[in-house]
Amino acid sequence: MSLNHQQVISYENIEVERRGHVTLVKLNRPAALNALNTGLMRDVEQVSRGFMDDEQTRVVVFVGNGKHFSAGADLKAPSVEPPPTMVMRRRQHGLGARMIRAIIEIPQVTIAAIQGAALGGGVCIPTACDFRIGAEDCFCGYPEVNLGINLAWHALPLCVRLVGPARAKRMIMLGEREDAQTLLDWGFLDQVVPAEQLLSAALTMAEKYAGQPPVAVQMIKQSINAVSASMDDAVMHMDADQNILTTLTDDRAEGIAAFFARRPATFKGN
Ligand code: COA
């Protein structure tokens, strides 16, 4: 499906709003804290791929409707039987990586505007963008480890590049939340603004890039991505398989049970 500027496409889980050369993509499951279920992830993948055919847009801004940018993977998604064959199960597990790749491969400049929480898969989306602006009250983190699972979706190197190996290990191994000021100091966020100014600050940044020559800007983006991500596929191609493995552990079940019971988890390494 193309995203030509003359067309209006409606999605179930996102809103797309055009403002001249700037297009806002709004995650739109606010009642579920924009938790990433299959439908939302497919919509983000599809809208991202559509920018390839969109000449009008020069900058894409990702925002989250509601209190939080995104609470990450939807832990309440109705459990469906996994595909009966491993061949299809592996492909199904690849959806997150396909969505993140689609965002990275948007030719235009991309910005994420983060309010409240951006956790787990919910922070993978901003790290796939070129720039991140946070509201003063925002916080980010990778709680996957506390659910007994690895960080998948090819998102690990995106974090390493922003904060360096030691801070990435700290964030991803401990799964703690980091506040806006820390994330700014670490270079994870490019700018922090009062919450009520978040959208206007994101649009101001967007307009700055939208005023630059798009051919040169998009070539520069492509080259910098190629330079900085040259090893990503080699390192991360197995992360969906690792995710399948970790979802089979007792520690995964314990992590999920502890989250919903609002109690600390006890992990046994099995
Ligand atoms: N998937 C599905 N439901 C979720 C969710 C998720 N990822 N995160 C939170 N919820 C649910 C809560 O269970 C709660 O449901 P309830 O009202 O039926 O009890 C509701 O959303 C509100 O959550 P609450 O924690 O009360 O809101 P908050 O504003 O105080 O905090 C978060 C929001 C996002 C910081 C917090 O909910 C959280 O840490 N969520 C888990 C994040 C996570 O581990 N994601 C998975 C990554 S792999």
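In this predicted model, a polar side-chain atom of Arg177 sits 2.9 Å from an oxygen atom of the ligand. Lys76 also reaches the ligand through its side chain, where an N or O atom is 2.7 Å from a ligand oxygen atom. Leu75 takes part through its backbone instead: one of its backbone N or O atoms is found 2.9 Å from a nitrogen atom of the ligand. On its own, the ligand would expose 870 Å², and the protein buries 71% of that area.

The shell holds 19 residues, of which Lys67, His68, Ala71, Lys76 and Arg177 come nearest to the ligand. Sorted by class, twelve of the shell residues are nonpolar, six are charged and one is polar. Two elements give two or more residues each to this shell, namely strand E5, spanning 117-119, and helix H12, spanning 250-261.

Turning to the packing of helices, a pair is described by the angle between the two axes and by the distance that separates them. Helix H1 covers residues 38-50 and helix H3 covers residues 95-104; the two pack at an angle of about 30°, and their axes are 8 Å apart. Angles under 35 degrees count as roughly parallel, and H1 and H3 are therefore roughly parallel to each other. The crossing in which H1 passes H3 is left-handed.

Definitions and conventions
Residues numbered from 1 in each chain as written. Predicted model: local features only at pLDDT ≥ 70, side-chain atom pairs only at ≥ 80, totals over all residues. Heavy atoms only, no water. Near = heavy atom within 4 Å. Polar contact = N/O pair within 3.5 Å; in protein donor to acceptor, adjacent residues only side chain to side chain. Areas by Shrake-Rupley, 256 points an atom, 1.4 Å probe, with all protein chains shown as cover. Helix = DSSP H or I, 4+ residues; strand = E, 2+ residues; numbered from the N terminus. Nonpolar A, V, L, I, M, F, W, Y, C, P; charged D, E, K, R; others polar. Axes fitted to C-alpha atoms, helices over the stretch in contact; angles between N-to-C directions. Parallel < 35°, antiparallel > 145°, perpendicular 65-115°, else oblique. Left-handed = near helix turned anticlockwise from the far one by under 90°.
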